Structure formats: structure tokens, C-alpha cells
Amino acid sequence: MHEHAERRPGEETVALPEGYDAGLYFIGRVRTPWASRAECPKNGRQTEAVCTLEVDPRYRPGLQNVSGATHLIVLYWMDRAARDLVRQQPRHAEGSRGTFSLRSPARPNPIALSVVELLSVADGTLSVRGLDCIDGTPLLDIKPYYATTDSRPEARVDRAGTQGGS
């Protein structure tokens, strides 16, 4: 976590709990062309870059049959993000927004999600397109994307309000 991260007017932080409620295992690392957050695309649909998911040897048996999917859901840990922000000031918006209304990596649990196109699988690595994270980001999980289950064409996000509650 970056405790000395830049804070913008309108942002609000909280004191984090002393302990954790759960543990998790990183299953590998994400390899991308980006060395800093400033270099990363805002989201994975803004780039055609081919990235690699490097799965640790102990978890590679879990890749069996993954090549049957054209797209995957990738969960990763934004390990360099601030974790104490509950209200943020996006660069593109007037007024602050609640962390849980944003896709920003700055959040109490910096879990990121991308739907990626699977290009190839070989020797415990997956070549994919559609990621938006810094090189070396810890990999949490890989799941098949099912258009019949995961797609919600009717979904909307109202960005007009900046002060609203829950």
C-alpha cells in the first residue's frame, strides 16, 4: 500500500483495521508493458497490448481445459494502491465519489477484475488481451467468462450525481 499517495481535494481517508479478516494466496504474476500506474490504460478495453498471466507451478494443474474459453475473468491484487480511501476525487470528474462507486484501484481491498480475451496457453502462461495493471501485479484467480451468465447488457451507471448516498 502507498501510505504517501497523492490526495486530491474532496478525498476522504479512514483508519484501517489492525488485522485482516481473511487470507489469500497469489497464484502467479501478471506481466504487462506498464511500469507505473500513469502508464496503464484506464481500462483493459483501451489497449491492444498482449499481456501474460504467469501461473506458479503448484497451480498449473488448475489450467486444465482453460483453453476451451475464448474469454476469462482475471482477478488481481493492486498491491501498490492506497487502501484507506473511502471518498475519491477522479481526475475526470467534478466533485468526489464514493470508492464503491468507482473502478479505481484505491480501495480497502484492492481487488481488480478484467474480462480478457484468451490468445494462447503454454507452459503455465496465458497470453491475454484486455488488462490494465502494472507489470508484476499479483494474480489472484482466473475464471471462465460465460456470456450467457456474466453479460448484463441492461446495466447502467448514473454518473450525474456526485453527492448521493447509498
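Start with the largest nonpolar core, which has 26 residues. A nonpolar core here is a set of buried Ala, Val, Leu, Ile, Met, Phe, Trp, Tyr and Cys residues joined through side-chain atoms within 4.5 Å; buried means under 20% relative accessible area, exposed over 50%, and partly exposed in between (1.4 Å probe, protein chains only). Select Leu53, Leu72, Leu126, Leu131 and Ile142, the residues with the most contacts inside this core. Then colour strand 3 (50-55), strand 4 (71-77), strand 7 (111-122), strand 8 (125-129) and strand 9 (137-144): each supplies at least two residues of the core. Strands are DSSP runs (E, at least two residues), numbered from the N terminus.

A word on what you have open: this is a predicted model, where local features need pLDDT of at least 70 and side-chain atom pairs count only at pLDDT 80 or more, while totals for chains, interfaces and linings use all residues. Residues are numbered from 1 along each chain as its sequence is written, and side-chain values use heavy atoms, with hydrogens and water left out.

Now zoom in on leucine 53. Leaving aside neighbours within four places in sequence, leucine 53 is in contact (heavy atoms within 4.5 Å) with residues including Val30, Val74, Leu126, Leu131 and Ile142.

Three strands form an open sheet in the order 1-5-6, with antiparallel pairing; two strands pair if DSSP finds at least two bridges between them. At the edges, pairing on one side only, are strand 1 (12-13) and strand 6 (97-98). Strand 1 and strand 5 (residues 85-88) pair over two bridges. Click threonine 13 to find its bridge partner in strand 5, leucine 85.

Stay around here for the salt bridges (a side-chain nitrogen of Lys or Arg within 4 Å of a carboxyl oxygen of Asp or Glu). The whole structure has eight.

- Select arginine 87 and glutamate 12: their closest N and O atoms are 2.9 Å apart. The pair links strand 5 to strand 1, 75 residues apart.
- Select arginine 7 and aspartate 84, which meet at 2.7 Å, N to O. Arginine 7 lies in the segment before strand 1 and aspartate 84 in the loop between strand 4 and strand 5, so the pair ties together parts 77 residues apart in sequence. Arginine 7 is partly exposed at 31% relative accessibility, whereas aspartate 84 is buried at 15%.
- Select glutamate 117 and arginine 129, a salt bridge at 3.5 Å, N to O. Glutamate 117 is in strand 7 and arginine 129 in strand 8, 12 residues apart.

Conventions: Helix = DSSP H or I, 4+ residues; strand = E, 2+ residues; numbered from the N terminus.
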